[in-house]
Amino acid sequence: MVLGVFAGAGAGKSLLLSVLREDYGFVCIQADKLAHDLYEKGAPVWEALRRHFGEGIIGSQGEILREVLAERVFGNKEDMDFVNALVHPAVWQKTEEAIASAKREGRNIVVEAALLPPFSARELYEHRIFIDTEEKERRKRLKARSYEKKRIDALFALQPSEEAYRSFCDYCLVNRGSVESFKQEIKKMMEKFNSENV
């Protein structure tokens, strides 16, 4: 089984992944972690970002300062389009390679991402899950993680709209209550998915 989890920051993706890994034995592929390699000093994406945005986005160890980059593209459609066109195809290529590798091992797989894959990649996932969480609650969770308002605004600006998530996904997982109620929603979801595979 290959599941995709697509939702913005603070929606509850980490808890869902934890439950799927610990209670159901899924191997977790996180698109954001795969993207980190793309930002390593000397990588083609790193070079292109440095050329486009200058040394101001480069840290003392040569790393891309992703928060600075997010602030730079916030509200600038041209820069955002440049970053998306550069990074997204490379991330999804790495994701597809990771899925193929886990499939060869016969594992159940869950892919987690704040970005949406190309529409043509829908068939990779038996189910595409959107986590429905109020924006106010998502912002509160990020603030509790010491994110400043400016950074939260930049994150939200970079991520797809709720409508885009909903149109791509085929299952809506509600996360509008306690942790326990969310876990119950996950359990119901997995019972449904497992019954379909019998």
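A pocket, on a 1 Å grid over the protein atoms alone, is an open set of points where a 1.4 Å probe fits, with protein on both sides within 12 Å along at least five of seven lines; lining residues have an atom within 4 Å of a point. Its volume is the space filled by probe spheres set on the points, which are joined across faces, edges and corners.

The model is predicted: local features need pLDDT of at least 70 and side-chain atom pairs count only at pLDDT 80 or more, while totals for chains, interfaces and linings use all residues. Residues are numbered from 1 along each chain as its sequence is written, and side-chain values use heavy atoms, with hydrogens and water left out.

The largest pocket has a volume of about 1100 Å³. Its lining consists of 38 residues, and D32, R66, A114, L155 and Q159 lie nearest its centre. Two or more lining residues come from each of α1 (13–24), α2 (31–38), α4, α5, α6 (135–144) and α7. Helices (H or I, at least four residues) and strands (E, at least two) are DSSP runs, numbered from the N terminus.

The second largest pocket has a volume of about 200 Å³. It is lined by 14 residues, with E135, R138, F156, P160 and E162 the closest to its centre. At least two residues of this lining are supplied by each of β4 (127–132), α6 and α8 (162–168).

The table gives the linings by class. Ala, Val, Leu, Ile, Met, Phe, Trp, Tyr, Cys and Pro count as nonpolar, Asp, Glu, Lys and Arg as charged, and the others, Gly among them, as polar.

| Pocket | Lining residues by class |
|---|---|
| Largest pocket | 20 nonpolar, nine polar and nine charged residues |
| Second largest pocket | six nonpolar, four polar and four charged residues |

Helix α4 spans residues 66–73, and L69, A70 and V73 are buried in it. Buried means under 20% relative accessible area, exposed over 50%, and partly exposed in between (1.4 Å probe, protein chains only). Seen down the axis of α4, the buried residues fall within an arc of 100°, so they line one face of the helix. The arc is that of the directions from the helix axis to the C-beta atoms. These buried residues pack against α3 (44–53), α5 (77–104) and α7 (149–158), where contact means heavy atoms within 4.5 Å. Just after α4, G75 takes a positive phi of about 80°.

Q61 sits in the loop between α3 and α4. Q61 is exposed, at a relative accessible area of 66%.

**Aromatic pairs**

Six aromatic pairs are found in the whole structure. Rings of Phe, Tyr and Trp (its six-membered ring) pair if their centres lie within 6.5 Å; planes under 30 degrees apart count as stacked, over 60 as edge-to-face and the rest as tilted.

F53 and F82 form an edge-to-face pair, 6.2 Å centre to centre with 70° between the planes. F53 lies in helix α3 and F82 in helix α5, so the pair ties together parts that are 29 residues apart in sequence. F53 is buried, with a relative accessible area of 6%, whereas F82 is partly exposed at 27%.

The rings of Y171 and F193 are also edge-to-face, because their centres are 5.2 Å apart and their planes are at 75°. Y171 is in strand β5 (residues 171–174) and F193 in helix α9 (residues 179–196), so-called distant parts of the chain, 22 residues apart. Both Y171 and F193 are buried. One aromatic cluster is formed by F6, F119, Y125 and F168.
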